[in-house]
Amino acid sequence: MDWVDQLVYQAASPDEEALVLAARSLGYVFLSRTQDTITISELGVKRTYQVLAMLDFNSDRKRMSVLVRDPQGTIRLYTKGADTVILERLWGRGPNQDFTERALDLFAEETLRTLCLASKELSEAEYDEWGRRHRMANVLLQGRACELDRLYEEMEQDLELLGVTAIEDKLQEGVPETIQLLKLGNIKVWVLTGDKQGQWSQPQTPPTHFSFFPNQGQSEILEAYWARNNNISGSACVSQQHPEPSCHKKRALIISGDFLDTILPTGEVLQKKGQLWQQVSCHGATDPQEQGSLVEKAFVDLATSCQAVICCRVTPKQKALIVQLVKKHKKATTLAIGDGANDVNMIKTADIGVGISGLEGVQAVQCSDYALARFCYLQRLLLVHGRWGYLRICKFLRYFFYKTFAGLLTQVWFAFHNGFTAQPLYEGWFLALYNVFYTAYPVLSVGLLEQQDVSAKKSLRFPELYTIGQQDQLFNYRIFSVTLLHGVSTSLTSFYIALWAFEDHVGSRTVGDYESFSVTVATSALLSVLVEIILDTKFWTALSFLMVTVSLLLFCLFSFLTQSIDAFRIAPTVFCFPDATQNALTDPYILLVVLLSLVVNTIPSLTIRSYNAITGNTSIQQVRFCFKDQRLGPKICWKARREPEPSVELRTHIPRGSFHRHSSYAFSHQEGYAGLITRGESLRTKGSHNTKSTHTTTNTHNTKDTHSTTSTNNTHSTNDIHT
């Protein structure tokens, strides 16, 4: 049977491949299939099954089935799916069902991904009647999906439980530590998964005192929480039965997809029951839509007050609705991260979408804003690069406004002295080039090249620094007001010092004209802006130095070109400042005026920076202070590794031209590929098979941390199967 080991399977997901490989290791080998047959080797005996119908998977059904005729002519239906939908469709409790349910709970507690398998036998008459209606439903032009779902639901009843499977879904290295760092950075982490609830009963973070709310009492807890926060009388009895969650210091909320159906908007008018709706109605909320909004808000308030929120057995649509619910009722920025096609809706709904490239496919990566190779890279994306990006953007905005106010408000002050005649203070070319060449490059260098106030290692060691951006400490109304006042003071100083100097003195060369005054004010304002940017630049590079130098050189170059005598002779109305800069800046008196304005504008900034350095208000000194401050208590720090940390990979490891890349399809995202198979469009022709053996090695990292090697003689996979 060496030829059996040479089979290479291409599955829609790693779970499907693990199930087929586990069956092969037990002696049941999937050999081949055609449009309407499946060939299997059962303990060495080759058997061919005729495929009669495929009841496809979708996220609402949470199961899929196949209707086959075995070689003896018996028609059987085989179904696999989540335990919540399979167990309720059994014909009765069998002798081993209690043991099976205990095994499901045990597997879930061991963080294994479980599935239930069931089947039933059909007579020829039953199949003929159902098949006739199935063929009619397939050709419907309207209501085809609803009719097929109704037929599938009718067929998948009175099943007999065959057993359960459990697949180990391993986390990557550093996932618990990454979640803990995000929590220390005041980032709420919600886990939205389609797995069984018991699989997430144990927190992945270090042990803390959590209060897990039972699923059957969540409606009453939500009612008590909403009533307590809104001072509604008559909720004392409810609160006694289900204590108010706020009394717990730390708590976690674990809910199921069935409970979310009673809260999340589904497009229909919400019809709810219970005391909570009566209380809401008594307080003026009689409209069902308004009642639904109040319950949504109560749920979001309760969930955000918890340390952890885990939503189990949720569909892709529910994932997107939960994200939309948080965005609706909380002024928060949401980030969604996933690796499969079932996460696409959630990723596209969130403000920031992150896709992880791996064996689950590339649909999540293609629909995301950022693509990562491993989950642990998220800590560097947020706590390091995200924080540095926030610092750069805030600096860019501050100095963009500052340079505009400092350089152009002088025209407002000039209007008070020229009788508001609309005469400009500056030369027209200076106004046109001020924001384009003279001050644009230094500000862009700050926004692009200013990288760090603290190192990446310290940013990971002190994730609390991330809260600076959450609290808008570096750019808010107060910072904008300070920037405005700073720009106004710079413009006032540049204008009135020059006005004072030109009022009674005309210089050694008698240069006290309007053009010289304009050049003096312009030079003073431009140099003050450049010096301010130089003082606040903490991360100097050759390119940063080049930006400032180029700005000064461009000012000199364009002043020479636009104020030359030759240009004035060609177009005197366009180049109306002939030799103004050369005449003004060669006078020592005007140079002293420019220097005086520069010093007066710089002294306040130097004083404030010196004060912050002495008092320890800089971010670097705050980090050192936090390290020494014992009142902060013990911190859970990400230990620095001896080897250098790998850089964030922003592309998939699998080449686009590879024929061994796994399909980007995922079962839990949309309907399956039953129609594609039954039409025969996905099957190769006989002549297209290669007679040579296949040796494929694929190294792919995903959220399962799967290292899969498929070859002619052995297979390694972290998807361990338990049956």
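Begin by selecting strand S12, residues 352-356, together with S13: the two pair in the parallel sense over three bridges. Keep in mind as you look around that this is a predicted model.

Zoom in on Gly355 and you will find Ala371, in S13, standing opposite.

You have an open sheet of three strands, ordered S11-S12-S13, with parallel pairing. Its edges are strand S11 (335-338) and strand S13 (370-372), each of which pairs on one side only.

Next, select residues 377-408. This is helix H16, which lies across S11, S12 and S13 and runs at about 140° to S13.

Move on to residues 514-536, helix H23, and pick out Asp536 there. Is Asp536 buried or exposed? Asp536 counts as buried because its relative accessible area is 10%, under the 20% cut-off. Show its surroundings next: leaving aside neighbours within four places in sequence, Asp536 is in contact with Lys395, Arg398, Tyr399, Glu450 and Arg609.

Finally, colour the chain by pLDDT. The average is 76, and 72% of the residues score at least 70. Where is confidence highest, and where is it lowest? Strand S5 (residues 75-81) has the highest mean, at 93, while strand S15 (residues 708-710) has the lowest, at 30.

Notes: Residues are numbered from 1 along each chain as its sequence is written. This is a predicted model: local features need pLDDT of at least 70, side-chain atom pairs count only at pLDDT 80 or more; totals for chains, interfaces and linings use all residues. Side-chain values use heavy atoms; hydrogens and water are left out. Two strands pair if DSSP finds at least two bridges between them. Helices (H or I, at least four residues) and strands (E, at least two) are DSSP runs, numbered from the N terminus. Contact means heavy atoms within 4.5 Å. Axes are lines fitted to C-alpha atoms, for helices over the stretch in contact, and angles run from 0 to 180 degrees between N-to-C directions. Buried means under 20% relative accessible area, exposed over 50%, partly exposed in between (1.4 Å probe, protein chains only). pLDDT is the predictor's confidence in each residue, from 0 to 100.
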